[in-house]
Amino acid sequence: MLSVSLTKRLPDFTLDVTWDAADVVTGLFGPSGSGKTLTLDCLAGLARPDAGRIVLRDRVLFDAARGIDVPSRDRRLGYVFQGYALFPHLTASDNVAYGLRGRPRDERRRRVADVIGRLGLSGLEQRYPAQLSGGERQRVALGRALAPEPTLLLLDEPFSALDLPRRRALRDDLARVLRDWGTAAVVVTHDFTEAYRLADRIVVYEAGRVVQAAPRAELLWQPASEAVARIMGIPNVLHGTVVKATPDRIQLRWRDQILEAVNSPTRSYLPPPETPIAFFIRPEYVRLIRKDRGPADPGHHMNLMTGVVVADEDFGTTWLLRIRLDAPGPPAQGDHDLQVEVPHLVHEILEIERDRRWEFSIHRGSIHVLPA
Amino acid sequence: MDLFPLRLSLEVSLAATALTLGLGVPVAWALGRRAFPGHDLLAALVVTPLVLPPTVLGYYLLVLVGARGPVGRVLDAIGIEVAFTWKGAVLAACVGSIPLLIRAAQAGFEAVDPRLEAAARTLGRSEWSVFWSVTLPLAWRAVLAGAVLAFCRAFGDFGITLMVAGSIPGKTQTLPLAIYDHVQANQMPEANTLALLAAGLVVVLLLGLGRVVRLRY
């Protein structure tokens with residue numbers, strides 16, 4: 001229902017993107033400066049693309065070739081700006097009512113009351129933005145954007161103005177509001193967890209281009225390339241060589257070990273032997289073999305290797321271990337080969353603090369190859 | 001004693017301030033918010049009244065609006081006489097004070113976050129509506145400060161008014177001109193009274209401005 005194709009050249013940056021979105025929440029995800037906000041501004045008519053076409057539900061908002069450029073005020077999009085951009089001289093309820101001018105007084109009053117109630121802002125109607133907390137401001141901004149019943153909601157880094165503990169709570173809040181309202185939305189964020197939590201489909205941006213667009217689960221498990229994996233902040237992105245590839249398995253050599261991985265069922269990838277290949281191992285899927293249960297059984301545990309914990313970091317509920325394998329040669333990532341995440345309880349029970357040498361296994365389904 | 005000069009000065013500077021606001025605010029907005037060819041030239045032009053000698057400015061104005069001047073002839077044709085009338089004094093005061101208003105208001109408009117205006121546009125408002133509901137309400141302190149400064153400057157104008165409106169007692173003799181005349185005629189008590197009134201008024205206005213501008217939401 002939303003189809004976007006844009007080119008915009010700035011003095012030191014070029015945005016050139018094409019993507020589509022259905023009637024759901026779409027996440028634009030990528031590092032800062034990759035053109036996400038500029039895309040929103042183009043959608044909202046606040047920036048003018050040099051070329052391209054924007055169509056929202058059969059309504060052409062912009063078409064460079066046909067000279068169509070619907071002004072911002074007629075696009076009927078709700079825009080929640082980064083930092084919210086609430087009108088500081090208007091109360092919460094006047095902010096919400098701002099986009100309803102021209103409608104009958106009764107309808108305006110009803111609509112404002114409805115929005116205020118649904119967003120849990122009752123009692124704060126007469127407060128000015130400076131007198132509201134970060135979370136309340138976010139809800140006023142949402143209410144202001146939603147009150148005129150926009151066809152599409154645009155959200156730019158909706159949590160950047162909040163501190164970390166509030167973020168998590170508000171992320172759930174926002175996810176619920178988006179679901180309740182059923183409004184299609186485009187959410188810009190540079191935080192993958194946020195994108196994953198809010199969006200059904202994620203478009204990954206890098207340096208003004210789209211590097212992958214996929215449903216969120218597919219993106220999480222099958223980043224299309226090493227670049228995407230790095231933008232997502234996936235640890236343990238590693239390089240090996242192919243030993244043998246079949247439609248459902250890939251064997252690869254890495255740090256003197258032979259690892260067996262599952263080939264992607266949707267995008268079978270058959271590189272010839274000796275091809276360099278990138279892959280990643282999720283740190284929470286590396287298993288430590290318990291020493292009190294006898295030697296590891298290679299028939300049961302696959303991809304066995306041994307190594308030493310060279311550093312561990314306490315993240316509160318989890319520990320992140322940096323492992324150096326026994327294999328000869330320089331480690332794959334600085335001072336270590338693998339990052340492994342274990343729950344706090346496991347760290348305690350296994351006495352990892354004291355006992356540094358471990359055997360590990362990685363299920364083949366947890367090694368993901370990244371097509372070149 | 002004759003307080004006509006005080007009354008005339010108040011009327012002239014009020015009228016001049018109104019004119020200054022009407023002309024200056026749109027210019028200040030354009031300078032602060034829009035990019036257009038000749039932007040920098042206009043910005044330089046609006047401050048020239050601050051740096052030109054008042055008599056030079058007054059002379060050019062007189063040439064322009066005098067009976068044989070290009071603007072004067074047009075005005076004459078529709079029955080408006082400017083030179084050597086109170087209207088001339090208003091024009092003189094306006095030209096002398098408009099840079100103060102434009103400078104202050106422009107800074108005020110520039111300080112308004114453009115994202116707020118963008119938000120207003122996405123909420124369906126026209127440029128005109130955005131100005132009245134967002135830009136001006138957020139910049140009014142700066143506009144008011146500029147208007148008060150402009151009023152004080154208009155109230156105190158001497159050179160430009162003398163050139164354009166003359167110093168006709170009971171007709172175009174404003175307070176500063178009257179003080180000068182009293183001093184010339186060695187009527188020191190009269191000069192003293194008028195000078196105190198003028199100084200007092202300006203000080204009171206500026207104090208009041210300070211209070212208003214400090215108001216916050």
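## Exercises on helix packing in chain B

α1(B) and α5(B) form a right-handed crossing (the near helix is turned clockwise from the far one by less than a right angle). Please keep in mind that this is a predicted model, in which local features need pLDDT of at least 70, side-chain atom pairs count only at pLDDT 80 or more, and totals for chains, interfaces and linings use all residues. Residues are numbered from 1 along each chain as its sequence is written, while chains are lettered from A and ligands numbered from 1 in the order in which they are written.

**Exercise 1.** Classify the angle between α1(B) and α5(B).

*Solution.* Start with the axes, which are lines fitted to C-alpha atoms over the stretch in contact, with angles from 0 to 180 degrees between N-to-C directions. For α1(B) (residues 4–33) and α5(B), they cross at roughly 40 degrees and come within 6 Å. That makes the pair oblique: angles under 35 degrees count as roughly parallel, over 145 as roughly antiparallel, 65 to 115 as roughly perpendicular and the rest as oblique.

**Exercise 2.** Now describe how α3(B) packs on α5(B).

*Solution.* First, the geometry: α3(B) (residues 54–65) and α5(B) (residues 86–110) pack at about 130 degrees, with axes 11 Å apart. This pair is therefore oblique as well, and its crossing is right-handed. Next, the contacts (C-beta atoms, placed from the backbone, within 7 Å): P54(B), L57(B), G58(B), L61(B) and V65(B) meet L91(B), A92(B), V95(B) and G96(B).

How values were computed:
Helix = DSSP H or I, 4+ residues; strand = E, 2+ residues; numbered from the N terminus. Contact = placed C-beta atoms within 7 Å.
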